[in-house]
Amino acid sequence: MTIKLGPNRYGKAETRVVRVTKNGSKHEIRDLNVSSALSGDMESVHYTGDNSACLPTDTQKNTVYAFAKQYGISSPEDFGLKLARHFVDSQPTIHHSRVELEEYTWERNVVGLNAHPHSFVRSGRETRTALVHYDGNKAWVVSGLKDLVVLNSTNSEFHGFIKDRYTTLRETKDRVLATEVSAQWRHSTDEVEWDKSYEIVKRCLLGAFADTYSLSLQQTLYEMGERVLETCPHIVEVKLALPNKHHFEVDLSPFGMVNDNEVFFAADRPYGLIEGTVIRDVPAAGPAWD
């Protein structure tokens, strides 16, 4: 029996960096959480403890801060690409880099009727995400979002499903449909107006969720992914995870009341989890999703 080292990577997880860009009295903020992971000629590091091929994780952390000062942060994707290319192109023993980013949104504090130039309020919006891979020749970029909570109070049904001896769920022709969207979308190029693209995709996801008369959350998932691909030719795949945030109609009959789909109990668990990928065509090979 032969024992050998399998796939491996190492890096610095969750480096939090806040970049303030000052244009006179008006400031802008980009707030990121950055995780880097590198792989390459790491056999000696694992087999014998020879660290000569290893770029320390502390150096990776420091590079994040230095690049934030040197280049600024125009978008998570652009910043991730700069880091990923640097780690591979500057070190002969590093063959692949993976940079994962989350962005937290700050909105301007409104004082009176005016947006304050340098006072901010943490937004209750979704978290923006990005994942960048680079192997020395090609970069793969996946944009995304998570924690986007949406709800339709009607125009959702669920019926005609399999019923067996354990089925107690009643069919419904009118229900609340709520979910917390996690979405990733894969680009065919790394030359994209990242912020503009992000806002377009988000509008597509929200629009399709609102517009679809849903007979299942699976149907809604497909409509959301399809809307993105129809609108954005540079996107080749959309991966979605939609937990079903169940809203159960409360039985008010003990109180002599009729509940006509107006009062609900919002359950947090257990919940249905619907996942799927909507694909334009067979995508080019690459480690984009991981």
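Which residues in helix 2 meet which residues in helix 3? The model is a predicted one, in which local features need pLDDT of at least 70, side-chain atom pairs count only at pLDDT 80 or more, and totals for chains, interfaces and linings use all residues. Residues are numbered from 1 along each chain as its sequence is written, and side-chain values use heavy atoms, with hydrogens and water left out.

Let us start with the whole chain. The protein chain holds 5 helices and 12 strands; these are DSSP runs, helices being H or I with at least four residues and strands being E with at least two, numbered from the N terminus. Its C-alpha trace spans about 75 × 70 × 35 Å along the principal axes. Of its 290 residues, 40% count as buried, where buried means under 20% relative accessible area, exposed means over 50% and partly exposed lies in between, for a 1.4 Å probe and protein chains only. Taking contact to mean heavy atoms within 4.5 Å, residues 24 or more positions apart account for 66% of the contacts with a separation of 6 or more.

Now to the opening question. Helix 2 brings Gln-60, Thr-63, Val-64, Phe-67, Ala-68 and Tyr-71 to the meeting, and helix 3 brings Phe-79, Lys-82, Leu-83, His-86 and Phe-87. Sorted by class, this contact has 7 nonpolar, 3 polar and 1 charged residues. Here Ala, Val, Leu, Ile, Met, Phe, Trp, Tyr, Cys and Pro count as nonpolar, Asp, Glu, Lys and Arg as charged, and the others, Gly among them, as polar. The two helices pack at an angle of about 125°, with their axes 11 Å apart. That angle makes helix 2 oblique to helix 3. The axes are lines fitted to C-alpha atoms, for helices over the stretch in contact, and angles run from 0 to 180 degrees between N-to-C directions. Angles under 35 degrees count as roughly parallel, over 145 as roughly antiparallel, 65 to 115 as roughly perpendicular and the rest as oblique.

Leu-83 touches Val-34, Thr-63, Val-64, Phe-67 and Val-99, not counting residues up to four places away in sequence. In soluble globular proteins, nonpolar side chains tend to be buried together.

Another helix pair deserves a look. Helix 4 (residues 194-211) and helix 5 (residues 217-231) pack at an angle of about 140°, their axes 8 Å apart. Helix 4 is therefore oblique to helix 5. Their crossing is right-handed. On the helix 4 side the contact includes Ile-200, Cys-204 and Ala-208, and on the helix 5 side Met-224 and Val-228 are among the residues involved. The contact residues divide into 8 nonpolar, 3 polar and 3 charged.

Finally, some backbone details. Most residues other than glycine have a negative phi, and most peptide bonds are trans. Asp-147, in strand 7, has a positive phi near 65°, and counts as partly exposed at 36% relative accessibility. Asn-261 has a positive phi near 55° and sits in the loop between strand 10 (247-249) and strand 11. The peptide bond from Arg-269 to Pro-270 is cis, with omega near -10°. Pro-270 lies in the loop between strand 11 (264-266) and strand 12 (272-279), and Tyr-271 lies in the loop between strand 11 and strand 12. Leaving aside neighbours within four places in sequence, Tyr-271 is in contact with Pro-243, Asn-244 and His-246.

Conventions:
Left-handed = near helix turned anticlockwise from the far one by under 90°.
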